[in-house]
Amino acid sequence: MTAATPAAITDWPALVTEAAARTTGLLDRAADADWSRRPEGSDWTCRATLDHLALGLLGYAGLLTARPTDRYITLFGSLDPAAPIPHCLEGLRSAAALLAGAVRDAPADARAWHPWGHSDGSGFAAMGTVELLVHGGDLAGGLGLDRSVPDELAGPALARLFPAAPTGHAPGDALLWCTGRIGLPEVPAGAWSWDGRVR
């Protein structure tokens, strides 16, 4: 199975909201777990990782809305630190819906700054999807849940942001390799970043 999915046929807003729904649905099973744990290889607690996800999704929506050419935006958002986990997961779905709306409303020629390549609506949607799937997997692993990444969600984001991704592997596995989470047979590991530039 390869990772390639034509960007032109991807419903990017739906991809973001589906990634959020699947990720939060899985994590809700561990709502009563100890969220002060740290996922393997992370400096953040599980709870702090949720904040990172919310911040990232809102940030991508803000970038696509404001469209700066040389900087990050000044909008920052976080989850209520006193809120129970199910309410935080609701907040994550809300942040994903805001990103999906920004992608849906952005004209085709909209571009905005990102340190890993000025990007368009599909790029920011793919970034949000990668954040949800990869950090969602980090959280799942840290909380004792299945950390596999759905291939049908990973494929479009992988094709959009990682044009040099290894082929011949399931998209979910290739995405985890591209983000430094797992090894793949006969594929050397390396430093990673995505390429958000419009292609």
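Predicted model: local features only at pLDDT ≥ 70, side-chain atom pairs only at ≥ 80, totals over all residues.

Trainee: How many salt bridges does a search of the whole structure find?

Mentor: Side chains of opposite charge can pair when their charged atoms come close. Searching the whole structure for such pairs gives a total of 8.

Trainee: Let's take Arg22 and Glu18. How far apart are their closest N and O atoms?

Mentor: Both residues sit in helix α1, which spans residues 12-27, and they are 4 residues apart, so about one helical turn separates them. Arg22 is partly exposed at 35% relative accessible area, and Glu18 is partly exposed too, at 34%. They form a salt bridge, and the gap between the closest N and O atoms is 2.8 Å.

Trainee: Arg22 also meets Glu152. How many residues apart is that pair?

Mentor: Here the salt bridge has an N to O distance of 2.7 Å. The pair links distant parts of the chain, since Glu152 belongs to helix α5 (residues 151-161) and Arg22 to helix α1; the separation is 130 residues.

Trainee: Then which residues are linked in a network of salt bridges?

Mentor: Follow the partners of Arg22. Put together, the network links Glu18, Arg22 and Glu152.

Trainee: What about Asp138: buried or exposed?

Mentor: Asp138 forms a salt bridge with Arg147, with 3.3 Å between the closest N and O atoms. Arg147 has a relative accessibility of 28%, so it counts as partly exposed. The cut-off for buried is under 20%, and because Asp138 comes in at 11%, that residue counts as buried.

Trainee: On to helices. Are α1 and α3 roughly parallel or antiparallel to each other?

Mentor: Two packed helices are described by the angle between their axes and the distance between the axes. For α1 and α3 (residues 85-105), the axes come within 8 Å and cross at roughly 175°. Angles over 145 degrees count as roughly antiparallel, so α1 and α3 are roughly antiparallel.

Trainee: By class, how many nonpolar residues are in the contact of α1 with α3?

Mentor: On the α1 side, the residues include Trp12, Val16 and Leu27, and they meet a set in α3 that includes Leu89, Ala96 and Val103. Sorted by class, this contact has 2 charged residues, 2 polar ones, and a nonpolar count of 12.

Trainee: Thr23 is in helix α1 as well. Which residues does Thr23 touch, leaving out those up to four places away in sequence?

Mentor: Thr23 has 8% relative accessibility, so it counts as buried. Setting aside residues up to four places away in sequence, its contacts are Leu132, Leu133 and Gly136.

Trainee: Last one: the backbone oxygen of which residue lies 3.0 Å from a polar atom of the Arg111 side chain?

Mentor: Arg111 is in the loop between α3 and α4 (121-142), and at 36% relative accessibility it counts as partly exposed. Not counting residues up to four places away in sequence, Arg111 touches Arg67, Ser119, Asp120 and Val198. The backbone oxygen at 3.0 Å from its side chain belongs to Ala108.

Methods: Residues numbered from 1 in each chain as written. Heavy atoms only, no water. Salt bridge = Lys/Arg side-chain N within 4 Å of Asp/Glu carboxyl O. Helix = DSSP H or I, 4+ residues; strand = E, 2+ residues; numbered from the N terminus. Buried < 20%, exposed > 50% of the residue type's maximum accessible area, 1.4 Å probe, protein only. Axes fitted to C-alpha atoms, helices over the stretch in contact; angles between N-to-C directions. Parallel < 35°, antiparallel > 145°, perpendicular 65-115°, else oblique. Contact = heavy atoms within 4.5 Å. Nonpolar A, V, L, I, M, F, W, Y, C, P; charged D, E, K, R; others polar. Polar contact = N/O pair within 3.5 Å; in protein donor to acceptor, adjacent residues only side chain to side chain.
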